[in-house]
Amino acid sequence: LGLALCAGSLCVMSHDYYHDYCVIGAGPAGLQAAYFLQRAGRDYVVFERSHAPGSFFALYPRHRKLISINKRYTGKSNGEFNLRHDWNSLLSHDRRLLFQRYSHDFFPNADAMVRYLEDFASLLKLRVQYNTAIVHVTLERDGQAWNGHYFLLTDQDRQNYKCSSLLVATGMWVPNVVNFPGSEYVEGYETVSINPEDFAGQTILILGRGNSAFETAENILGVTNFIHMVSRSRVRLSWATHYVGDLRAINNGLLDTYQLKSLDGLLEGDLEDLAIVKDKKGKLHITLRFYLESRNTSAGIDSITLPQDELDNFATRAPYDRVIRCLGWKFDFSIYNRSVRMMPGKGNKKKYPQIKPSYESRGTRGLFVLGTASHSVDFRKSAGGFIHGFRYTTRAVHRLLENRHHGVPWPSSVYPITQLTNSIIKRVNEASGLYQMFSVLADIILLRENATAFEYLEEYPVGVLAELEMQTGRKAPNGLFVIIMEYGRNFSGADKDVFYYNRAVGEAQHAWQSNFLHPVIYYYKRLPTEREMRLRPPDWPLPRPDAVHHIVEDFLTDWTAPNAHILPLRRFLENCLSTDLRNFFAESCFLFAFTRQKLPPFCQQGYVRMQGLVGSEGLRRHAVEAGLLEDYTLTDFLGDRPPDSREGSQDQLLRDHAIPVRPLQHLVNAKDE
């Protein structure tokens, strides 16, 4: 049971509880990590400070409407494809845990997410330790540990826990606060009233320009005198940037009232340059910090210079009843000891911890950041900060850990080279991880010697492509293809007109100019090096390949058109491999056996081995009529012999084994493509 060493009121437990994996946070990312660890039979524990999972969603968003879509109908029954349009479900084997069973709303209520996460943890019997707030994390040096140290975690009751690997899934929950003179008069998004009647007849200033700011404005739009919104950057619309974290249409009512001259408005300015002064009536006046630097603000508002004193049409000269801060959240660095070296990022990523493209901390081996807090890897590029993105990156991290600590290679499938085109087409048409984590996760095709077969790895982080052999336990000595989804290079941006005429490309020869999300295949004769990854062109997810192919964008995101999608892809693959990837009728293979020195792979791997689908006379007749087969009938060389003798001749051929084939009418096994 361990001994307790007590001194006065301070009691410190002398023993530590050990686990191979410690997960901090039982939000969506923490539960997703727990699921994979449990399925693999690993020793783990999840620490959650609240009494239930998903405590963030119990409070946020304040107005309770999620902006993650819950598309229940797609016209397809393919579960993998449907996850492309289900932004709330976590990955599991249990179909009861699809979010559509918890809400029918396209934009669900956050309470449904709370119920969903509670069921996810309980139905799957995940090992979550509730009411345990980790208040301190440090390193304990130990030469016997795989990385030279253990992680030592301390909770609110001073109980210690030791683990070899630490997975941080605490999310972003510390409010961003800007300090300026008068900031004490500002109300925070996390505490402001959500009752519209509390704002009736008032004039409101909102600091911020993200979804929380517009969500707040949307709630009170119909009862206020007017609403002004101030932020240092211009509004970024998600349909222009193709980034789901930017302003979504469901919250942008204020843009209508602004542009349709209904008093509300948007302003740009650095919030740190502002100052707020409160008058005797309780009204809040906006001024600039430098007006207050050499003045005694306690002397009263009458002695303070306001911008309108010098510029009588100053935009924010009207006093406000309330100022609301809606500036989002940042990561909580406070619980980490300096030895952990959990450092903030730089620039617009300073709210996130610094991590590698493998989601491992740049400062400490064995520490991985999951979920929203890992968004620095693809900030403003992909969906890694949201459930429909980090459910896949969490799985990728688990696969990296399985290979590193347990010798379990990255899952893969091996196919004959004749299935290369089909395998790619299948994945780009249904894979949800590629689709949601575009430009971040990619499918990797490792070629076997002489390109007779290939090994297929799904959803590998492209940022660590140079480390593929070490991170996956798979070898790539003979070249590789990388399949990734991308938007057009110049199509996304806050200032882009994404609705311009002729915005879409429809012809395969112009596929490289595709704007909308589409598959791109990179071919490398050898694995790129780390130096090549560092020196890749700006905004390129990968270094320059030996060859690249864009599959032309499709209005239905259905890349199965024989001429526009499949044929150009097959020819690209053939050029890279210097081989023929077409499928052939058995009669064509029969002819090639007598007229060519080398048979195409399909004939080598199918026909010669007596493999393939059995055809029919009707299929053969159709192929002849379509011009795919010559009309080689037995009458060409059997003359006018009666039917009985012709059939006997076929049987004699088979008995003599002169030609290793079955009767010709049964040899049609596939269509020339």
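Predicted model: local features only at pLDDT ≥ 70, side-chain atom pairs only at ≥ 80, totals over all residues.
**Exercise 1. Classify the ring pair of Phe331 and Phe333.**

Step 1. The ring centres lie 4.9 Å apart and the planes stand at 75°, so this pair is edge-to-face.

Step 2. Phe331 is buried at 2% relative accessibility. Phe333, at 21%, counts as partly exposed.

Step 3. The whole structure holds 29 aromatic pairs. Ring pairs also build a cluster from Tyr35, Phe36, Phe99, Tyr102, Tyr116 and Phe120.

**Exercise 2. Which rings have the charged end of Lys76 or Lys162 over them?**

Step 1. For Lys76, the ring belongs to Phe81, with the charged end 4.2 Å from the ring centre.

Step 2. For Lys162, the ring belongs to Tyr150, and the distance to the centre is 5.3 Å.

**Exercise 3. Trace the salt bridge of Asp443 and the network around it.**

Step 1. Find the partner. Asp443 bridges to Arg427, with the closest N and O atoms 2.6 Å apart.

Step 2. Locate the ends. Asp443 sits in strand 20 and Arg427 in helix 11, 16 residues apart.

Step 3. Asp443 is buried, with 0% relative accessible area. Arg427 is buried too, at 7%.

Step 4. Follow shared partners. Salt bridges join Arg395, Arg427, Asp443, Glu458 and Glu459 into one network.

Step 5. Look at another bridge. Glu268 and Arg209 meet at 2.5 Å, N to O. Glu268 lies in strand 13 (residues 265-268) and Arg209 in the loop between strand 11 (203-207) and helix 5 (211-220), so this pair ties together parts 59 residues apart in sequence. Arg209 is buried at 10% relative accessibility.

**Exercise 4. In what order do the six strands of the open sheet run, and which helices pack there?**

Step 1. The order is 19-21-20-22-23-24, with antiparallel pairing.

Step 2. Strand 19 (412-416) and strand 24 (547-550) are the edges, each pairing on one side only. The twist averages 20° from one strand to the next.

Step 3. Strand 23 (residues 518-524) pairs with strand 24 over four bridges. Val520 has His550 of strand 24 as its bridge partner.

Step 4. Helix 15 (residues 562-577) touches strands 20, 22, 23 and 24, and its direction makes about 175° with that of strand 24. Helix 11 (residues 420-430) lies across strands 19, 20, 21, 22 and 23, at about 20° to strand 21.

**Exercise 5. Where is Asn515, and is this residue buried or exposed?**

Step 1. Asn515 is in the loop between strand 22 and strand 23.

Step 2. Its relative accessibility is 11%, so Asn515 counts as buried.

Step 3. List the contacts. Leaving out residues up to four places away in sequence, Asn515 touches Tyr487, Gly488, Phe491, Tyr500, Arg503 and Glu553.

Definitions and conventions: Residues numbered from 1 in each chain as written. Heavy atoms only, no water. Pairing = 2+ DSSP bridges. Helix = DSSP H or I, 4+ residues; strand = E, 2+ residues; numbered from the N terminus. Axes fitted to C-alpha atoms, helices over the stretch in contact; angles between N-to-C directions. Contact = heavy atoms within 4.5 Å. Buried < 20%, exposed > 50% of the residue type's maximum accessible area, 1.4 Å probe, protein only. Phe/Tyr/Trp six-rings, centres within 6.5 Å; stacked < 30°, edge-to-face > 60°. Lys NZ or Arg CZ within 6 Å of the ring centre and 35° of its normal. Salt bridge = Lys/Arg side-chain N within 4 Å of Asp/Glu carboxyl O.
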